[in-house]
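Dear colleague,

I am handing over the structure below, and my notes on it follow directly after. Please read them with the coordinates open beside you.

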Amino acid sequence: MKSSCSKVIFATYFEYLAPFWAWSLRRHSRAGVSFAAILHDPVRDYVVGPFWWHRLSIRQAYSFLDVVFSHSEIELPSQKISSPPATYTLPHGPYPTIRPSERAEQFRTRLGIPGQAKLLLSFGHLRDNKNLDLVIQAMKDVPDAHLLVAGSEAPIGQLPSSGYKQMAAGVGVASRCHWLIGYQDNTALANCFSCSDIVLVTYASSFKSASGVLSVAASYERPILASCGGGPLEDALRHYDIGKLISPESVTDIIHGLLSLTERGDYHYEWEAYRRDNSWEKNASICHSTFIAN
């Protein structure tokens with residue numbers, strides 16, 4: 001079986017349902033085509049369907065890959081892959097920004113957020129592992145903090161926005177919580193990040209991947225409060241002064257982290273250094289030198 005191309009790189013890669021399509025790409029591999037994939041979230045506990053199907057999908061999806069790129073040094077999940085692909089690390093660049101459609105004070109007024117409040121932003125899909133419940137509990141001890149939750153509703157089986165609203169009412173912070181539940185387009189994203197003071201990426205210890213929210217925060221230069229179980233998110237916080245890294249699943253650490261960041265005021269964070277070292281140009285250069293040019 002001949003092909004007109006000799007190298008293929010997947011910029012976004014999903015293993016699910018691989019048993020239905022991987023066989024055709026293995027045929028191209030045996031015919032001399034080289035394959036690479038960028039894995040944004042290779043180490044995770046998120047499983048779709050029966051676990052045996054999950055393991056089979058991963059094994060099939062990796063079966064024809066020659067090279068894998070990830071955002072930190074990883075050990076690929078062991079699924080009896082006969083010839084594991086070579087692995088390289090490459091940065092995840094910041095996302096491009098657009099101008100907000102409203103001034104920060106207008107946006108806050110529309111949502112009922114006081115101008116002097118310290119606004120915490122939780123952006124993206126609602127998921128249990130973002131520890132939003134712990135943030136809500138922590139707000140009791142950070143009286144000038146308001147929370148903006150903007151993103152799509154939680155998937156079936158995880159706590160929905162109504163549950164978090166009830167929780168906020170139960171601990172007495174409902175009036176300081178603001179909700180934009182549903183898909184957020186680029187304009188809404190720009191408004192949310194531009195008017196926020198601190199961006200939350202307070203993941204559970206099960207999270208060991210890169211954070212797309214961090215890449216957006218880098219573009220808008222908003223400090224982040226982060227927790228996770230290791231991986232590129234933790235690496236970024238340890239290498240660059242772009243916020244505060246705390247222990248996962250700790251209300252006390254969230255409180256101390258928020259107070260620490262609010263006390264910094266107009267502190268100059270290392271966003272320029274972060275963007276320089278984590279650019280799309282550097283990303284493309286590594287892909288070219290390690291895969292395309294070889």
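Leaving aside residues up to four places away in sequence, Val 171 touches Ile 136 and Lys 140, where a contact means heavy atoms within 4.5 Å. Val 171 sits in the loop between helix H5 (161–170) and strand E7 (177–181); helices (H or I, at least four residues) and strands (E, at least two) are DSSP runs, numbered from the N terminus. With a relative accessible area of 24%, Val 171 is partly exposed, on a scale where buried means under 20% relative accessible area, exposed over 50%, and partly exposed in between (1.4 Å probe, protein chains only). The C-alpha atoms of Val 171 and Pro 84, which are 87 residues apart along the chain, are separated by 50 Å.

Before going further, please note that this is a predicted model, in which local features need pLDDT of at least 70 and side-chain atom pairs count only at pLDDT 80 or more, while totals for chains, interfaces and linings use all residues. Residues are numbered from 1 along each chain as its sequence is written, and side-chain values use heavy atoms, with hydrogens and water left out.

On the open spaces, the largest pocket has a volume of about 1500 Å³. The search runs on a 1 Å grid over the protein atoms alone, where a pocket is an open set of points with protein on both sides within 12 Å along at least five of seven lines, a cavity is a set of points where a 1.4 Å probe fits but cannot get out, and lining residues have an atom within 4 Å of a point. Grid points are joined across faces, edges and corners, and a volume is the space filled by probe spheres set on the points. The largest pocket is lined by 50 residues, and Asp 41, His 125, Arg 127, Tyr 203 and Gly 212 are those that lie nearest its centre. By class, its lining holds 23 nonpolar, 18 polar and nine charged residues, with Ala, Val, Leu, Ile, Met, Phe, Trp, Tyr, Cys and Pro counted as nonpolar, Asp, Glu, Lys and Arg as charged, and the others, Gly among them, as polar. Strand E6 (145–151), helix H6 (186–195) and helix H7 (212–220) each supply at least two residues of this lining, and the largest share, five residues, comes from H7.

H7 itself is largely enclosed by the rest of the structure, because eight of its nine residues are buried. Its buried residues pack against strand E5 (118–123), H6, strand E8 (198–202), strand E9 (224–227), helix H8 (232–239) and helix H10 (271–277). At the start of H7, a side-chain oxygen of Ser 211 comes to within 3.3 Å of the backbone nitrogen of Val 213. Glu 221 is partly exposed, at a relative accessible area of 40%.

A positive phi is also found at Leu 17, where the value is near 70 degrees. Leu 17 lies in the loop between strand E1 (7–10) and helix H1 (18–30), and at 48% relative accessibility Leu 17 counts as partly exposed. Most residues other than glycine have a negative phi.

Among the residues that line the largest cavity are Ser 122, Lys 130, Leu 132 and Tyr 203. E5, helix H4 (132–138) and E8 each give at least two residues to that lining, with the largest share, three residues, coming from E8. Ser 122, placed in strand E5, counts as buried at 9% relative accessibility, and its contacts beyond four places in sequence are Leu 132, Leu 147, Leu 148, Val 149, Ala 150 and Leu 200.

Lastly, the cysteines: the count of disulfides comes to zero, where a disulfide is a pair of cysteine sulfur atoms within 2.5 Å. The sulfur of Cys 5 is 16 Å from the closest cysteine sulfur, in Cys 287, which is too far for a bond. Cys 5 is partly exposed, with a relative accessible area of 35%, whereas Cys 228 counts as buried at 5%.

With best wishes

Definitions and conventions:
Polar contact = N/O pair within 3.5 Å; in protein donor to acceptor, adjacent residues only side chain to side chain.
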